[in-house]
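I want their volumes and the residues around them.

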Amino acid sequence: MKRVFSGVQPTGNIHIGNYIGALKQFVELQEEMDAIYCIVDLHSITVPQDPRALKQHTLDVAALYLSVGLDPNKAIIFVQSTVPAHSELAWILTCNSYTGELSRMTQFKDKSKERESAPTGLFTYPLLMAADILLYDTDIVPVGNDQKQHIELTRDLAERFNNKYGKTFVIPEYRGTKVGARIMALDEPTNKMSKSAENEYSRISLLDTPEKVKKSIMRATTDSDGEIRFDEKNKPGISNLLTIYSVFSCLSIQELEKKYTGCGYGQLKKDLVEVVNDSLVDIQKRYFDIRESEELKRILKDGTEKAQTIAEKTMKRVKENLGFITL
Ligand code: TYM
């Protein structure tokens, strides 16, 4: 059976872009593959975090994993920092990588542009991500389009290591959704929807109230042409709304274009509010049942034990191939 691995940072504001680009795929893939999903707290500290909020957000994401449909009987769910091998392998990969290849990562370029001095962790972040993936002999990595370059780097690192030290790692593959691998911001549809954007109406978070969802969609930037048609280049706002609509309604974009021929943007937005709220209500109901339960921590503890067993086996192979002694 193939293995799927992916992760989400516990940084709050998990939004419909994260859901469409990643979480929805996680749920589908747990049915056909050996699935491992992580809450990547070590990645989140590449930028400053409030320790109390970090703890809460870690449990929030775990509860969201379960609320969107991940099943602990089908998938291993755990928190990255509870398996020390992630940091250990990241160091080994650091010593087998080049600053040039890390400098080419567009996410690093974007994130460091916003700061006077970039934290080192932000620079080496893709190596920790590669460690996450390679530790579990991963075949498939479902992520949004913004992470594709990091998966390509992971493949390069794994191939380089295998060539130098003998077959050690499985070479993983990127898996993006056909529709919605990059959900755009509602206020500026040429930018990616993001957890950290200042304008809260730029995104729809999975825990937003129906009122907030309505405001965000009704305010969404469109264009003055008036026709409901999918055209990402010339009509990024409407195309983004059609994408979101398609995912939450299970109607294809072509079906939606047909349904809304001759209709105004107001009608499309009104219907989209309903479709999104209907889906979020179900997720939120499950979330509030699970979030404070003891069951949640039990699932994470169980996940850590299972993940640890797999990670230890890989580390044994890595150390043996590198020439580290065992006593
Ligand atoms: P993170 O926490 O930023 O995002 C979680 C997932 O959501 C996807 N995503 C989007 N998809 C579509 N449209 C958007 N606007 C959008 N915004 C975010 C991301 O691509 C991601 O799949 N580095 C990763 C976490 C990570 C990881 C890993 C993933 C760490 N180690 C190993 C896979 C395998 C990240 O920061 O995701």
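A cavity is a set of points, on a 1 Å grid over the protein atoms alone, where a 1.4 Å probe fits but cannot get out; lining residues have an atom within 4 Å of a point. Points are joined across faces, edges and corners, and a volume is the space filled by probe spheres set on them. This is a predicted model: local features need pLDDT of at least 70, side-chain atom pairs count only at pLDDT 80 or more, and totals for chains, interfaces and linings use all residues. Residues are numbered from 1 along each chain as its sequence is written, and side-chain values use heavy atoms, without hydrogens and water.

The count is two cavities of 30 Å³ or more.

**Largest cavity**
- Its volume is about 50 Å³.
- The lining consists of Q107, F108, K111, L122, Y125, P126 and H150.
- Helices α6 (106–113) and α7 (120–135) each give at least two lining residues (helices are DSSP runs of H or I, at least four residues; strands are runs of E, at least two; both are numbered from the N terminus).
- Four lining residues are nonpolar, two polar and one charged (nonpolar: Ala, Val, Leu, Ile, Met, Phe, Trp, Tyr, Cys and Pro; charged: Asp, Glu, Lys and Arg; polar: the others, Gly among them).

**Second largest cavity**
- This cavity holds about 40 Å³ of space.
- Around it sit P72, A75, I76, I77, I299, D302, G303 and K306.
- Strand β3 (75–79) and helix α13 (294–322) each supply two or more of these residues.
- The largest share, four residues, comes from α13.
- By class, the lining has five nonpolar, one polar and two charged residues.

How values were computed:
1 Å grid on protein atoms, 1.4 Å probe; cavity = no way out; pocket = protein on both sides within 12 Å on 5 of 7 lines; lining within 4 Å.
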